[in-house]
Amino acid sequence: LAELLGAHPEEIVFTSCGTESDNAAIVGTLRANRERKHIVTSRVEHPAVRSLCQYLQKEGYTVTEVAVDREGMLDMQMLEDSITEDTAIVSIMYANNETGVIFPVEKIAEMCKVKGVPFHTDAVQAVGKLPIDLSKSAIDLLSLSGHKLHAPKGVGALYIRRGTRISPFMIGGHQEHGRRGGTENVASIIGLGVAADLARRNLTLENTKVKAMRDRLENAILSNTPDCFLNGKKDQRLPNTSNISFEFVEGEAILLMLDSLGICASSGSACTSGSLEPSHVMRAMGVPFTAAHGSIRFSLSIYNTDEEIDFIIDNVPKIIKRLKEISPFNKFTDIKTDFGVGLKGHTHSH
Ligand code: PLP
């Protein structure tokens with residue numbers, strides 16, 4: 001794992017998941033710098049960072065959430081202006097989990113170094129997909145999660161640059177040089193090591209084969225399906241991720257129909273939690289309400305095949321057409337209320 005990251009082995013602390021790594025990095029840094037009470041993060045972080053920062057706000061910290069533009073790119077001026085002498089940590093993700101948009105974390109790390117503020121990046125989506133060399137970087141803390149690079153679920157790691165001031169998050173025994181108490185999950189850690197080795201060897205494939213499949217999938221869907229558009233800056237994204245908004249249809253309904261064909265995708269919408277709110281990432285980007293609900297993420301890997309891509313390309317326009325025919329939001333048809341058509345057994349919260 002250290003080799004994949006260009007780190008020293010002693011700079012790696014194994015954790016149980018990406019969420020724990022994020023919590024350990026942020027809470028551990030705050031505990032080590034108790035005099036500072038300000039956190040800088042972004043509006044589009046994963047809940048592992050965003051919800052934690054919101055919790056910390058209730059505990060008395062001030063949190064600045066840096067904005068993104070319509071393409072999901074970070075407002076670098078706002079970020080720079082936000083950092084003050086009271087800032088304890090800057091935590092900005094490497095790449096967004098919904099859109100795949102990559103943030104200029106190396107530049108941010110340099111900025112933080114000049115200002116004397118520790119910089120953490122949630123690199124859960126980036127590790128194994130983008131080349132990362134921490135020996136040439138100013139990043140102080142970096143979180144990753146095993147299952148995002150085909151390691152078992154339930155293992156993660158936190159990179160802590162030598163000399164970084166941080167207190168342990170999990171307080172207990174002397175494991176991990178006292179930086180994370182608790183017996184290590186050895187089997188999964190070995191799995192993560194093997195996955196990291198494979199990811200290092202497959203990095204070129206990730207950026208050629210996977211990217212080509214992603215582009216083919218995306219271009220075909222965008223040109224064969226009416227009323228849809230791409231979310232996230234096209235040339236500034238992870239090679240495997242595509243987020244497409246389909247206007248006037250429900251993301252959850254698209255997912256169910258994809259699932260019935262054996263196609264696994266995801267929606268950023270919070271519908272499953274009983275909320276009508278679209279994803280915070282889509283809202284931060286200003287995606288119109290009629291489209292934010294119908295945003296779908298396809299994420300590919302080296303284990304996908306061209307045949308699978310053909311199958312998706314063939315079926316997505318048909319699914320969207322079908323859903324539009326039954327959608328009460330459809331601007332092209334009369335309002336229909338029969339939500340049940342084609343969605344047997346789907347108990348929707350609407
Ligand atoms: N951060 C990002 C960007 C993620 O995509 C995820 C998982 O989806 C996490 C953090 C949380 O990782 P884990 O599920 O291993 O706790």
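In the predicted model examined here, the lining of the largest pocket comprises 14 nonpolar, 10 polar and six charged residues. This pocket has a volume of about 680 Å³. Of the 30 residues that line the largest pocket, His150, Ser299, Leu300, Ser301 and Asn304 lie nearest its centre. Two or more lining residues are given by each of the elements α6 (186-224), β11 (295-299) and α10 (306-326). The greatest contribution to this lining comes from α6, with six residues.

The second largest pocket holds about 430 Å³ of space. Its lining consists of 28 residues, and those nearest its centre are His46, Asn97, Gln125, Lys148 and Arg297. Elements giving two or more residues to the lining of the second largest pocket are α2 (18-32), α3 (47-58), β10 (266-267), α8 (280-285) and β11. By class, this lining divides into nine nonpolar, 13 polar and six charged residues.

Strands and their pairing were also examined. In general, the strands of a sheet pair through backbone hydrogen bonds, in either a parallel or an antiparallel manner. In this model, seven strands form an open sheet with mixed pairing, in the order β1-β7-β6-β5-β4-β2-β3. From one strand to the next, the twist averages 20°.

Within this sheet, β5 (residues 119-122) and β6 (residues 141-145) run parallel and are joined by three bridges. Asp122 has Ser143 in β6 as its bridge partner. Helix α5 (residues 105-115) lies across β4 (87-91) and β5, and runs at about 160° to β5.

Definitions and conventions:
Residues numbered from 1 in each chain as written. Predicted model: local features only at pLDDT ≥ 70, side-chain atom pairs only at ≥ 80, totals over all residues. Heavy atoms only, no water. 1 Å grid on protein atoms, 1.4 Å probe; cavity = no way out; pocket = protein on both sides within 12 Å on 5 of 7 lines; lining within 4 Å. Points joined across faces, edges and corners; volume = space filled by probe spheres on them. Helix = DSSP H or I, 4+ residues; strand = E, 2+ residues; numbered from the N terminus. Nonpolar A, V, L, I, M, F, W, Y, C, P; charged D, E, K, R; others polar. Pairing = 2+ DSSP bridges. Axes fitted to C-alpha atoms, helices over the stretch in contact; angles between N-to-C directions. Contact = heavy atoms within 4.5 Å.
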